[in-house]
Amino acid sequence: MNKKILQLIICCSFILSSFAQDTISRADINAATRLIGLELTPAEIDSLYPSVKGHRADMENMRKQSLPNHVSPAFAHSAILPEMNLNKKQLPVKWNIPANVSLPKNRNELAFYNILQLASLVKNKKISSVELTRFYIDRLKKYSDTLECVISFTEDLAMQQARQADKEIAAGKYRGPLHGIPYGLKDLFAVKGTKTTWGAEPYKEQVIEEDAYAYTQLKEAGAVLVAKFTLGALAMGDYWYGGRTRNPWNLERGSSGSSAGSASATAAGLVPFAIGTETWGSIITPSTLCGATGFRPTFGSISRSGAMALSWSLDKIGPICRSAEDAAIVFYYMKGTDGLDASAVDMPFNYAGKADVKKLRIGYAANYFRRVDTAANEWKVVQAFRKMGANVQPVNFPDSGVYHFNMMSLIISAESAAAFDEFTRSALDDMMTRQTRNDWPNFFRGSRFVPAVEYINANRHRTLLMQTMHKFFSNYDVIITPGFGSGNQSAITNLTGHPAICLPTGFNRQNMPTSITLLAGTHQDATLLAVAKALQDATEWEETHPPMFR
């Protein structure tokens, strides 16, 4: 037998015998690094040691679950299962731009106008796109250092796009409600001629000479890009290479992440809307803590070409706005595919702007609500729906009975480590400004010890989870869940690709924003947004803005 093959067999046997033991030693990890061709320092091994033990526990829990041979992995991931019968016809969508909107006497109030109000002003030439763009750029320059929310201004590009918008509108070529409206992008989207830093020190001078699909779609709609916003380094948290993005309600606190700058800037009225991404909570969480309306569409609704990849089967693009209808408008003009993202599909979005909640099947997650104080804002949402005439029924959201092990950890670990493989092997990770056990450099290192077999089997379990959740949502149009920390809901719905929207619901005892999350079935985004709009029309929670930015 070849000597090298014999050595490999011995090494593999050693690794397998280590997994059979009750404990894993640092010496085991050191030996394993030779097998996978990775050089780690003793300090790095010590740092990732708890992660390896955690992965071992996750895999043991997974192996306890029955997994029939016919279950296939959720590869080349799609949120659409074969058994789903989805509408494929796009109907006309009409946006009701009001005709009687006036400029406010106090110009600062313009900062919190919704998209349709701003569209009315621009369309009817009560303000030019150039004037509106300059107004928001001035606000960004005034407050961006306070919030640490801007990585780069795109002022020259913005003024060029604004002038073009004014010229087209004057000529009678009106593209729709986003024409001439300023906005910002999370700085993981490539835009020609700009830096795309991913919020991370090693990439702070990076220029990617392509236009992301999300940006291209908004450009085609006539929107004006004014800035690229902060994100936690490589899309984790709110710490980026230049500092920490602040919460507009309390500057002593962070805005959470990873769409940190997009949520903070939107809530503070520095832009009418911004674009974020979510892999596991990165739209919903900062929107909650900043008091914004964050919409996470069905997985695959928007092509991710030109955007940083963290997890191919989990990454999603969505808008962060000040209302559900604003989110519907932005999503309508962004959705679709350019054929460059294997997971993206072009599905209809038949948004009518109205929802008869009396006729819809609406449930609230009773197993989550039982953990919530009866005087909390979450219950006020249930009461508001009932006051609107909705027959809101308690339901147990599938959780511990279907989420048997930490499936999310295994999948996101393997994919993110693969996405940043060379980053780890080349020691570029040493340039990251944060190096704790909970930051990406260590996370990527530890994730390399997730075997491929376990990753594939986790995805096969994911298929079963998707089937279970499809059956669950076939009985409901919308499910109401508490906005923050609701059991495993966030992990489950991110894995299955179901759409979610986070809406502000007032404030807690610390005067920080609270929220509610509404969920719907796969590609039922139009229903979800219409129900969210109905709730916001019946309440006033989204109309309160941070005092220091008014």
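Modeller: Start with terms. Strands (E, at least two residues) and helices (H or I, at least four) are DSSP runs, numbered from the N terminus. Two strands pair if DSSP finds at least two bridges between them. This is a predicted model: local features need pLDDT of at least 70, side-chain atom pairs count only at pLDDT 80 or more, and totals for chains, interfaces and linings use all residues. Residues are numbered from 1 along each chain as its sequence is written, and side-chain values use heavy atoms, leaving out hydrogens and water.

Colleague: What is the strand order in the open sheet?

Modeller: The order is E1-E3-E2-E8-E10-E9-E14-E15-E13-E11-E12, 11 strands with mixed pairing. Strand E1 (150-153) and strand E12 (392-395) each have a single partner strand, so one side of each has no neighbour in the sheet. From one strand to the next, the twist averages 30°. Such angles run from 0 to 180 degrees between N-to-C directions; axes are lines fitted to C-alpha atoms, for helices over the stretch in contact.

Colleague: In which sense do E9 and E10 pair?

Modeller: Antiparallel, over 2 bridges, between residues 293-296 and 316-321. Threonine 293 stands opposite cysteine 321 in E10. Helix H10 (residues 324-334) lies across E8, E9, E10 and E14, at about 140° to E10.

Colleague: Now the loop. Is lysine 88 buried or exposed?

Modeller: Buried means under 20% relative accessible area, exposed over 50%, partly exposed in between (1.4 Å probe, protein chains only). Lysine 88 has 65% relative accessibility, so this residue counts as exposed. Lysine 88 lies in the loop between helices H3 and H4.

Colleague: What does lysine 88 contact, leaving aside neighbours within four places in sequence?

Modeller: Met347 and Pro348. Contact means heavy atoms within 4.5 Å.
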